[in-house]
Amino acid sequence: MTTEIVLNSSLNEAMAISEPCVRSEYNWVQDLADCYHRNLVEKTDPVVMQWPLVSRDRLNVFIIFCYVLFVNIIGPKMMKNRKPFDLRWLMVPYNIALVIVNFYVFIEFAKIRVYSDPKDSCTTLNVMNDPTTFRLAEITWWFYLTKYIELADTVFFVLRKKDRQLSRLHLVHHSTVPLLIWGLLRSEPGGHNTFFPLANAFVHCVMYTYYAISALGDDVTIHLKFKKYVTMTQMIQFILVLCYIASRPFYGCKVSYLSFGGNIFLAGFFFVLFCNFYWNEYLANKEQRKQDLLNAAIHNGKKKSK
């Protein structure tokens with residue numbers, strides 16, 4: 001009798017241990033829901049939750065859904081039998097405005113990170129609610145808003161029929177970064193999570209300066225040459241983000257798995273995509289690039305002679 005009880009007890013323990021390994025679909029859904037609630041609801045600062053768009057989960061996803069739908073289906077069908085729109089009158093002030101906004105975000109981030117206590121680079125808003133960390137979260141929100149404004153880049157490409165510029169990299173980058181920054185605001189804004197916004201704001205100052213110059217006129221020879229260095233700047237930022245977040249534990253920062261994984265995924269994933277783009281655009285098609293430059297020079301010569 002005693003042996004039977006011991007055997008039954010051992011069997012029950014073994015079943016209890018192995019039970020979590022066999023999950024139903026419902027349990028996976030529940031686990032995801034619990035993870036979402038734990039990291040993106042319980043951790044969110046009440047004040048941050050009141051900022052526009054931060055608490056609107058479905059609206060964030062809906063905006064990105066509409067963006068992808070327009071760029072891939074609605075926009076191309078709408079423009080199929082139409083001439084490209086000349087949007088230079090709109091694109092020049094649009095790009096200049098984004099240069100100014102990104103420069104402001106960069107300067108505000110840089111001032112705090114240079115002049116504040118070094119511990120502030122480790123402290124996120126869910127750990128310590130101090131004025132410096134809160135200000136970093138506030139600037140991150142401004143940066144987050146610019147990611148939605150920048151969706152207009154792709155809309156301009158569609159309306160101008162610039163199909164070559166509608167790369168897979170461009171679409172993936174613009175459709176995922178707003179959601180990633182939204183998740184950052186909802187979980188652990190401030191501290192080490194501000195390095196990517198800092199670097200990205202600087203890169204976008206360079207990038208939108210290039211876009212503004214490109215939109216000024218038809219002399220594109222210099223623009224085509226400069227574009228290569230814009231891409232290189234974008235690649236460097238992701239290397240810096242990878243190095244920065246990987247070094248934080250060695251400086252005594254208690255980086256959560258969510259922050260560490262999110263930053264590594266964001267920087268690593270986009271670095272690979274940008275490397276692939278750089279290879280295909282500038283290295284694999286060197287002859288085509290030379291021909292593009294030659295055609296642009298000939299085209300500009302004809303324009304000037306007229």
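**Entry 1: ground rules.** I noted that this is a predicted model, in which local features need pLDDT of at least 70 and side-chain atom pairs count only at pLDDT 80 or more, while totals for chains, interfaces and linings use all residues. Residues are numbered from 1 along each chain as its sequence is written, and side-chain values use heavy atoms, with hydrogens and water left out.

**Entry 2: phenylalanine 274 and its surroundings.** I placed phenylalanine 274 in helix α11, which covers residues 257-283; helices (H or I, at least four residues) and strands (E, at least two) are DSSP runs, numbered from the N terminus. Leaving aside neighbours within four places in sequence, I found phenylalanine 274 in contact with Leu169, His173, Thr231, Gln234, Met235 and Phe238, contact meaning heavy atoms within 4.5 Å. For phenylalanine 238, I noted that it is 36 residues from phenylalanine 274 in sequence, and that the two are 9.5 Å apart in space, C-alpha to C-alpha.

**Entry 3: the whole chain.** I then stepped back to the protein chain, which has 12 helices and 0 strands. Of its 306 residues, 40% count as buried, and the chain exposes about 18,000 Å², of which carbon and sulfur atoms supply 66%; such areas come from the Shrake-Rupley method with a 1.4 Å probe, and for residues only the protein chains shown count as cover. Among contacts between residues at least 6 apart in sequence, 83% join residues at least 24 apart.

**Entry 4: annotated spans.** In the unreviewed UniProt entry, the annotation "transmembrane region" covers residues 59-75, 87-107, 166-185, 197-217, 229-251 and 257-279; positions are given in the numbering used here, feature names are shortened, and annotations may be inferred rather than shown by experiment. I checked two of these spans in the model. Residues 87-107 are 95% helix and 0% strand, with end C-alpha atoms 30 Å apart, whereas residues 229-251 are 83% helix and 0% strand, with end C-alpha atoms 32 Å apart.

**Entry 5: helix α5 and its partners.** I found that α5 (residues 88-115) packs against α6 (residues 131-149) at an angle of about 160°, with their axes 10 Å apart; axes are lines fitted to C-alpha atoms, for helices over the stretch in contact, and angles run from 0 to 180 degrees between N-to-C directions. That makes α5 roughly antiparallel to α6, since angles over 145 degrees count as roughly antiparallel, under 35 as roughly parallel, 65 to 115 as roughly perpendicular and the rest as oblique. Where they meet, the residues of α5 include Tyr94, Leu98 and Phe109, and those of α6 include Arg135, Trp142 and Phe143. The axes of α5 and α9 (residues 195-214) come within 8 Å and cross at roughly 155°, and α5 and α9 are therefore roughly antiparallel to each other.

**Entry 6: two loop residues.** Leucine 53, in the loop between α3 (46-49) and α4 (57-79), has a positive phi of about 80° although it is not a glycine. Lysine 161, in the loop between α7 (152-159) and α8 (168-187), also is a residue other than glycine with a positive phi, near 55°, and I noted that lysine 161 is partly exposed, with a relative accessible area of 30%.

Key. Buried < 20%, exposed > 50% of the residue type's maximum accessible area, 1.4 Å probe, protein only.
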